[in-house]
Amino acid sequence: GQCTASATNDGTGQEICLETGGLGAESETSGIRTNVIPKEGGNTFRGTVAGSFTNDNLQSDNLTAEFQAQGLLSVNTVHRIYDINPGFGGPILKDRLWFYTSVRAWSAQQYVAGMFFNKSTVPWRYVADTTRPALNIETNGNESLRLTWQASARHKFSGQYQYGQQDRPYYGYSLGQTLASPEAAYASKSIPSYLGQVGWNAPLTSRVLVEAGAAVANKNFFTFLQPAAGDNPSYQESSTGNFWGNSRSTYGQNANWQMNTRASVSYVTGSHNAKFGFTFQHQGSRTTQDISNNATLLTLLNGSPRSVTVWATPLLLKEINKANVGIYAQDQWTIRQLTVNAGLRYDYFNSYVPEHHLGPGPHVPTR
């Protein structure tokens, strides 16, 4: 639950509703609830385009003589930031079937203060190559298509699919590894990264509304060593905290997927609003962890060996949320300036960790 399935495509949203209080029994928890209402298209072809761009020419320089006197050779600066987000929609069959599609591409690229590639020919020494500064780069993409079908006067169906791309070639910098030489800041890509939804709503009468929907989300942001680093050792200088050669963090798969379904019946008169329904969620995750150089990290002090850290890797971790079910009924009465909200909700949660089998690692036997 800690990651969204795909980065947001703003071009697909018509509006965003935030509920900050008084959440009804249909909500599993308190707090803020966000509802993104999508664009559906219509009987007229319409489109939008949004974009932005900046680079280092539009940024001031705060690398002062005081910083340079303390040994700082560069500061955090923008290299390039851009965002382009067109969208277009209209009728496939007038009054019956509409589409809306949008693509988005955006990237943020920033130099990391005081960090450079290592030009030393001796593996256990770090010599900054000031002609090759470190860059923190994140590039995203998102493609979305939504279809809306007005099957009859009272029955409307919708379906939307979004596929995303996320490439972070020096992801370690985003995690605070700002003392790493670029070859030691591990990389990350998100494959797959998608979200699919289907929905149905039917105003059976002027007071009764039936709704149902389902969604499937899947994302695996996997982290990996820099290709140029291979399986080289990771060195860290204790006096400065700088490390080079290879990553000092675990890397591997971070896969999580889930499916959600919901259904509800609403009775609305204005002064009296009642709603009954259920939600169901099923999800799972799979995480792997490994460390470079046969799970061995090397630490130096003023260039001399100081310590060795060994890890009990590789690891494989799985978790399954078999069922997260909510059944609710809520009623709202408004009499002049007084509103009474009453609700009842039942939650059932079934989550487990399946049996794991871990074989031997460089420093540990079969576990």
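**Reading inside and outside**

Guide: Gladly. Let us begin with the surroundings of one residue in this predicted model. Beyond its neighbours within four places in sequence, A185 is in contact with P169, Y170, G172, Y173, Q177, A180 and Q226.

Visitor: Which residues make up the largest nonpolar core?

Guide: The general idea comes first. In soluble globular proteins, nonpolar side chains tend to be buried together. Here the largest nonpolar core has 10 residues: V112, M115, F117, A134, Y170, Y173, A180, A184, A185 and F243. Strand β5 (residues 97-118) supplies the largest share of this core, three residues. Another core lies apart from it and has five residues, including Y171, Y186, F221 and L225.

Visitor: Strand β5 also holds S107. Is S107 buried or exposed?

Guide: Relative accessible area settles that, with buried meaning under 20%. S107 has a value of 2%, so this serine is buried. Its side chain makes a polar contact with the side chain of Q109, at 3.2 Å. Leaving aside neighbours within four places in sequence, S107 is in contact with R80, I81, Y82, I137, E138 and T139.

Visitor: Why does I16 count as exposed?

Guide: The cut-off for exposed is over 50% relative accessible area. I16 counts as exposed because its relative accessibility is 58%.

Methods
Residues numbered from 1 in each chain as written. Predicted model: local features only at pLDDT ≥ 70, side-chain atom pairs only at ≥ 80, totals over all residues. Heavy atoms only, no water. Core = buried A, V, L, I, M, F, W, Y, C linked by side-chain atoms within 4.5 Å. Buried < 20%, exposed > 50% of the residue type's maximum accessible area, 1.4 Å probe, protein only. Helix = DSSP H or I, 4+ residues; strand = E, 2+ residues; numbered from the N terminus. Contact = heavy atoms within 4.5 Å. Polar contact = N/O pair within 3.5 Å; in protein donor to acceptor, adjacent residues only side chain to side chain.
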